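Have the sequence and the 3D view open side by side, and let us walk through them together.

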Amino acid sequence: MNFFFLSDDKFAQIFAVALESLYTQQVNTKDLRVFLIENKLSDDSKNKLNSLAGKHGRKIEYIPMPDIKAWIGKALYIPRMLNMVDFARLFAADLLPEDIDKVIQLDCDLVIRHPIDELWNLELGNDYCRMINEGHSAKMREVLNIPKEGMYYNSGVVLINLKKWRDDNIGQKCIDYLKMMHGYVPVNAQGVMNAVMDGGIGLLPLKYNVYSLMYSFTHKEFMQLRCPTCYYGESEYNEALADPYIVHFMTCFYLDARPWMRGCLHPLTKDYLYYKSLTPWANEPLWEPVSKKIRQLYCAFCHAIPKSWAIKFSSFIYVVLIPARHKYMEKKFAKADIKKA
């Protein structure tokens with residue numbers, strides 16, 4: 001089994017928790033390789049991570065992040081909560097060893113709760129990859145300049161067909177798309193993957209990437225909130241929530257803090273803290289919440305009003321305001337490119 005993660009030094013301890021959960025759940029997997037595409041990871045963090053891996057009789061293979069800006073040839077929009085390493089996933093076929101034809105990409109902000117051999121053994125066929133459907137309205141596809149019909153996928157857990165990526169030169173296609181979008185892509189690398197591989201993405205069972213928003217809303221409420229063109233059925237939604245194989249601690253307006261922060265209300269925070277207690281960062285204090293004041297106020301406002309009102313209000317933001325902001329930003333970056341030319 002092959003895995004790769006992406007991290008900078010700030011997120012090293014969060015990566016360590018995900019890695020500890022992976023090693024624990026895959027204890028019976030003899031051939032397991034873990035690659036970390038890292039952005040300026042400190043020697044201290046590497047020593048701690050190597051100690052963690054050594055405890056399990058494993059090792060981490062480090063890959064320094066390349067100069068992605070130079071590869072693309074233009075500046076990219078990077079939100080405050082991300083950095084350039086997020087885009088490195090687009091070049092997995094170029095960065096990982098050529099003898100690897102298949103890999104699972106995992107975000108750092110997750111915990112693996114069961115062995116995932118079945119995920120690894122899923123057929124890819126002629127698909128570029130498999131991801132879960134995150135459940136957005138058609139507007140999120142429209143702002144990526146792809147047909148409205150279809151799913152919008154989440155890149156937190158991705159089963160990747162590296163051979164097909166190499167055969168079809170996906171890295172270069174991502175560069176071409178980023179240039180076409182003038183350096184601004186909604187949801188960054190995830191948006192690029194949705195656009196460049198549109199029509200070639202297979203669906204993962206929801207249990208392999210159960211994200212924070214789901215813990216706040218029933219299936220019916222979720223459908224009212226996000227208005228997705230298509231999504232998982234209620235039965236699969238509830239089963240995934242009841243016993244997720246991978247829990248993904250994404251940001252969420254209704255559960256604002258995350259498990260490595262004080263005040264996190266996520267019901268599976270205990271899972272994160274358990275695995276943290278097994279890492280070299282066990283005694284590190286929890287972070288203070290880092291959300292902007294306006295986001296904190298929005299979260300408090302949604303909890304203060306009736307939930308049905310919060311759903312209607314937030315649905316307007318998801319379906320109308322966020323796509324409109326993306327369109328505005330796309331035009332802004334396009335104009336900036338024209339001026340430079």
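## The chain as a whole

What radius of gyration would a compact globule with 341 residues have, and what does the protein chain have? A compact globule of that length would come out near 20 Å, and the protein chain has 20 Å, so the two agree. Please keep in mind that this is a predicted model.

Along the principal axes, the C-alpha atoms of the protein chain fill a box of roughly 50 × 50 × 35 Å. The chain has 14 helices and 10 strands. Of its 341 residues, 55% count as buried.

## Contacts and surface

If you look at contacts in the protein chain between residues at least 6 apart in sequence, 79% of them join residues at least 24 apart. The accessible surface of the chain comes to about 15100 Å². Carbon and sulfur atoms account for 54% of that surface.

## A closer look at helix 2

Helix 2 covers residues 43–55, which makes 13 residues. From its first C-alpha to its last it reaches 18 Å, close to the 18 Å expected at 1.5 Å a residue.

Which residues of helix 2 are buried? They are Ser45, Leu49, Leu52 and Ala53. Seen down the axis of helix 2, the buried residues fall within an arc of 95 degrees, so they line one face of the helix. What covers them includes helix 1 (12–25), strand 2 (33–39) and strand 3 (60–64). On the other side of helix 2, Asp43 and Asn47 are exposed. Just after helix 2 comes Gly57, which takes a positive phi of about 70 degrees.

Asn169 is not a glycine, yet its phi is positive, at about 55 degrees. To find Asn169, go to the loop between helix 7 (162–167) and helix 8 (170–180). Why does Asn169 count as partly exposed? Its relative accessibility is 42%, and partly exposed covers the range between the 20% limit for buried and the 50% limit for exposed.

Cys227 also has a positive phi, of about 50 degrees, although Cys227 is not a glycine. Look for Cys227 in the loop between helix 10 (219–226) and helix 11 (234–242). With a relative accessible area of 36%, Cys227 is partly exposed.

Methods. Residues numbered from 1 in each chain as written. Predicted model: local features only at pLDDT ≥ 70, side-chain atom pairs only at ≥ 80, totals over all residues. Heavy atoms only, no water. Helix = DSSP H or I, 4+ residues; strand = E, 2+ residues; numbered from the N terminus. Expected span 1.5 Å × (residues − 1). Buried < 20%, exposed > 50% of the residue type's maximum accessible area, 1.4 Å probe, protein only. Arc of directions from axis to C-beta. Contact = heavy atoms within 4.5 Å. Rg over C-alpha atoms; globule rule 2.2 N^0.38 Å. Areas by Shrake-Rupley, 256 points an atom, 1.4 Å probe, with all protein chains shown as cover.
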